[in-house]
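This report is an introduction for a reader who is meeting the structure for the first time. It goes from the whole chain to one helix and then to contacts between side chains.

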Amino acid sequence: GLAEYLEAQLVSLSNVRVYAAGKEKAGAISFNVYRADGTLIHPFDVGVLLDRQGVAVRTGHHCAEPLIDCLGVPGTVRASVGLYNTKEDIDIFIAALKKAIMMLE
């Protein structure tokens, strides 16, 4: 349920592209953020700003470089949930992501 909630929150953001949205998946969701003009915000930049707000995500190829190359992006941001997470954790993540996006646009 938490992964579905996380995906729904990410998909609701117009400048976020979720990869494999709606597919069966574990608790990890990869995404990228785009500016209003359609240019990609580098996933590392998003990750750094989230980290500075106390939110841990992974950025990069995630041991799937051929797939990342096929997608034509330099990497993705990956957020994940586990048994210890709550909806409040996801809400904190989404608020931090919105702040990061605002800073990078």
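A residue is called buried when its relative accessible area is under 20%, exposed when it is over 50%, and partly exposed in between, with a 1.4 Å probe and protein chains only. By that criterion, buried residues make up 39% of the 105 residues in the chain. The model is predicted, so local features need pLDDT of at least 70 and side-chain atom pairs count only at pLDDT 80 or more, while totals for chains, interfaces and linings use all residues. Residues are numbered from 1 along each chain as its sequence is written, and side-chain values use heavy atoms, leaving out hydrogens and water.

The chain holds four helices and five strands, taken as DSSP runs (helices H or I of at least four residues, strands E of at least two) and numbered from the N terminus. Read from that terminus, the order of the elements is α-β-β-β-α-β-α-β-α. The radius of gyration, taken over C-alpha atoms, is 13 Å, close to the 13 Å given for 105 residues by the globule rule (2.2 Å times the number of residues to the power 0.38), so the chain is as compact as a globular protein of that length. Along its principal axes, the C-alpha trace spans about 30 × 30 × 20 Å.

Which residues of helix H1 are buried? In this helix, residues 2–11, they are Ala3, Leu6, Glu7 and Leu10. Because these residues cover an arc of only 95 degrees around the axis, judged by the directions from the helix axis to the C-beta atoms, they lie on the same side of H1. An α-helix has 3.6 residues a turn, so residues three or four places apart point the same way. The cover over the buried residues of H1 includes strand E1 (16–18), E2, strand E5 (76–80) and H4.

A search of the whole structure finds one aromatic pair, where rings of Phe, Tyr and Trp (its six-membered ring) pair if their centres lie within 6.5 Å, and planes under 30 degrees apart count as stacked, over 60 as edge-to-face and the rest as tilted. The rings of Phe31 and Phe93 have centres 6.1 Å apart and planes at 65 degrees, so this pair is edge-to-face. It links distant parts of the chain, with the two residues 62 apart.

How values were computed:
Contact = heavy atoms within 4.5 Å.
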